[in-house]
Amino acid sequence: MITVSIANQKGGEGKTTTSLNLAIGLARRGKRTLIIDMDPQANSTGIFLNPETSSKNLYHVFNKKTKMSEVVQKVYADNLYLAPSSTNLAELEAMNTNSVEAPYLLRDSLQVVEKDFDFCIIDCPPSLSIFTINALVASNFVIIPLQAEKFSVDGIVGLQQTISSIKKRINPNLEIMGALITQLKPQTLLTKTIVPVLNKYFKIFENSISDGVAIGESHLAKKSVFDYNKSSRQAQEYEGFVEEFLSEL
Ligand SMILES: Nc1ncnc2c1ncn2[C@@H]1O[C@H](COP(=O)(O)OP(=O)(O)O)[C@@H](O)[C@H]1O
Ligand SMILES: [Mg+2]
């Protein structure tokens with residue numbers, strides 16, 4: 001199983017959109033894919049089921065030591081599975097952070113499903129909390145979705161430091177696969193200035209995702225952008241990104 005964190009401590013950068021479309025894109029290619037929704041806001045869970053009525057979720061894994069295999073559900077399409085989040089997961093974000101075990105809970109819990117999946121895609125919360133740390137400790141790769149904007153660039157140093165200290169101290173296998181530019185506006189001066197700045201920090205995927213209504217509409221329709229409108233520009237761009245992702249492995 002190849003595990004990939006989709007991480008950025010800033011909200012609204014495209015983590016959930018990228019997690020969903022990467023995971024569904026992989027499942028459509030016949031890869032057995034597990035989505036882990038590590039965000040207590042449960043946005044990706046909400047695409048597939050009602051987070052308030054779903055029974056077992058990651059809260060039970062982290063708090064009650066329920067096995068991951070009892071929480072994972074088949075959702076949406078062939079080859080796609082979800083470990084749901086719930087809002088009460090937020091309680092745990094503050095708790096337990098002092099225990100020696102805290103950063104390893106996700107990695108340990110994934111061991112029982114390791115053989116069942118080709119890919120595990122982790123949708124991280126918008127923070128560098130213990131949940132994001134758990135995700136990075138459990139991952140082979142991290143992908144950083146971000147907008148080509150000033151405030152998006154400001155946060156990346158902190159993210160980069162967190163990733164390098166986890167790599168150094170806990171998970172030497174962790175690799176930054178690259179940054180994916182999302183919500184790209186037509187070539188403005190801003191974009192032209194910021195992309196070279198970002199390039200100094202991370203490899204940038206050749207494919208980027210432009211800003212367009214198909215994304216918001218696909219979330220409302222509770223579908224991937226491929227199923228919502230496969231001829232939309234964003235569907236084609238996410239297809240290109242999934243192919244580029246596979247070619248990086
Ligand atoms: N390429 C895009 N074009 C237009 N809107 C987008 C695009 N990507 C994301 N969005 C919108 O931006 C918002 C934040 O995206 P989301 O994936 O939820 O980010 P995050 O998980 O990082 O907070 C959502 O409302 C989403 O519909
Ligand atoms: Mg999100």
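Buried here describes a residue with 20 or more other C-beta atoms within 10 Å of its own, exposed one with 12 or fewer, and partly exposed one in between, with C-beta atoms placed from the backbone. Helices (H or I, at least four residues) and strands (E, at least two) are DSSP runs, numbered from the N terminus. Apart from neighbours within four places in sequence, leucine 136 is in contact with Ser5, Ala7, Val142, Ile163, Ile166, Asn171 and Leu174; contact requires C-beta atoms, placed from the backbone, to lie within 7 Å.

Residues are numbered from 1 along each chain as its sequence is written, while chains are lettered from A and ligands numbered from 1 in the order in which they are written. As the model is predicted, local features need pLDDT of at least 70 and side-chain atom pairs count only at pLDDT 80 or more, whereas totals for chains, interfaces and linings use all residues. The mean pLDDT (the predictor's confidence in each residue, from 0 to 100) is 93 for the protein, with 98% of its residues at 70 or more.

Seven strands form an open sheet with mixed pairing, in the order β3-β4-β2-β5-β1-β6-β7. At its edges stand β3 (73-74) and β7 (175-181), each with a single partner strand, so one side of each lacks a neighbour in the sheet. Strands pair if DSSP finds at least two bridges between them. Two bridges join β3 to β4 in the antiparallel sense, and glutamine 73 has leucine 82 of β4 as its bridge partner.

Strand β2 (residues 33-37) runs parallel to β4 (residues 80-83), with four bridges between them, and parallel to β5 (residues 119-123), with five. Leucine 34 takes part in both pairings: its bridge partner in β4 is tyrosine 81, and in β5 it stands opposite cysteine 120. Five bridges also link β5 to β1 (residues 2-6), again parallel, and here serine 5 is the bridge partner of isoleucine 122.

In a regular strand the side chains alternate between the two faces of the sheet. On β2, Thr33, Ile35 and Asp37 lie on one side and Leu34 and Ile36 on the other, all of them buried. Strand β5 is largely enclosed by the rest of the structure, because five of its five residues are buried. Phe119, Ile121 and Asp123 point one way from β5, and Cys120 and Ile122 the other.

Terms used
Contact = placed C-beta atoms within 7 Å.
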